[in-house]
Amino acid sequence: MMKRLLCLALALALLPAAALAAGKFSYADAFDARRKALEVFHVCAFSSEYYDSGRDFIVRWEIPIRIWVSGSPSRTDLNQLDSFLTELALRVPGLPPISRVGRESDANIVIHYCKLREMPALIPSYTKGNWGYFSCHYDNYRLNSATIGVAVDKCDQRTRNHVMREELVGALGLCNDHDLYSDSILYQPWTTVQTLSEVDWIMLNYLYSPLVNPGDTWETVREAISASYGL
């Protein structure tokens, strides 16, 4: 049995909005897209920025995901979240049922739309300087709870839209970012992209594929996916 804490700050307030070094995710065909996404998957699904950086296994949700929203979200925040949850359910068939609930006691993910100074109290593992942050717990390789913070006093609406998606994708098990494709929601340098890139959707579907299981190592996952798709 394993019980661990995963934490990741995916929206870094201290990063400048500089010119992006990496290009967008591009591919010749579906085969090429899956192959390239598998390389990024190794980075994003098998480590996290602050904890478990050396782990060699995947973690994911196996139970219904129930989200409660706390703090001071705008109407647009709630609409963006509901739209994203619908999109996740449609585009990641292996994902457990995911929905928003009306009571904190019914939730296993809490999203705090809060002031930056409130983050440390709401998320004890919070690392200073981040406008968006998440932490999540797993037991026996299965995620069972998560907390997300979005700094409403630092983020305009476009930034909040981005941060919500970025942190939630992290809390689903893609716990690290990368520096390869600038249109990815998990791209390390600062962006405010509003939608997930094709590479993000492929990675989520790898993570929630029936081909793999919680606790599988990179070698096991790579072999299973490569054999299935002929990579």
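This is a predicted model: local features need pLDDT of at least 70, side-chain atom pairs count only at pLDDT 80 or more; totals for chains, interfaces and linings use all residues.
Residues are numbered from 1 along each chain as its sequence is written; local features need pLDDT of at least 70, and side-chain atom pairs count only at pLDDT 80 or more, while totals for chains, interfaces and linings use all residues. Side-chain values use heavy atoms, with hydrogens and water left out.

A salt bridge here is a side-chain nitrogen of Lys or Arg within 4 Å of a carboxyl oxygen of Asp or Glu. By this rule there are ten salt bridges.

One of them joins the side chains of Asp 32 and Lys 36, at 3.5 Å from N to O. Both residues belong to helix α1 (residues 30–45), and because they are four residues apart there, about one helical turn separates them. Helices (H or I, at least four residues) and strands (E, at least two) are DSSP runs, numbered from the N terminus. Asp 32 and Lys 36 are buried, that is, under 20% relative accessible area with a 1.4 Å probe and protein chains only; exposed means over 50%, and partly exposed lies in between. A network of salt bridges links Asp 32, Arg 35, Lys 36 and Glu 39.

Another salt bridge, 2.8 Å from N to O, connects Asp 82 with Arg 100. Asp 82 lies in helix α2 (residues 75–91) and Arg 100 in strand β4 (residues 98–100), so this pair ties together parts 18 residues apart in sequence. Asp 82 is partly exposed at 29% relative accessible area, and Arg 100 is partly exposed at 35%.

In helix α6 (residues 218–229), Glu 219 and Arg 222 are three residues apart, which means a separation of about one helical turn. Their side chains form a salt bridge of 2.5 Å, N to O.
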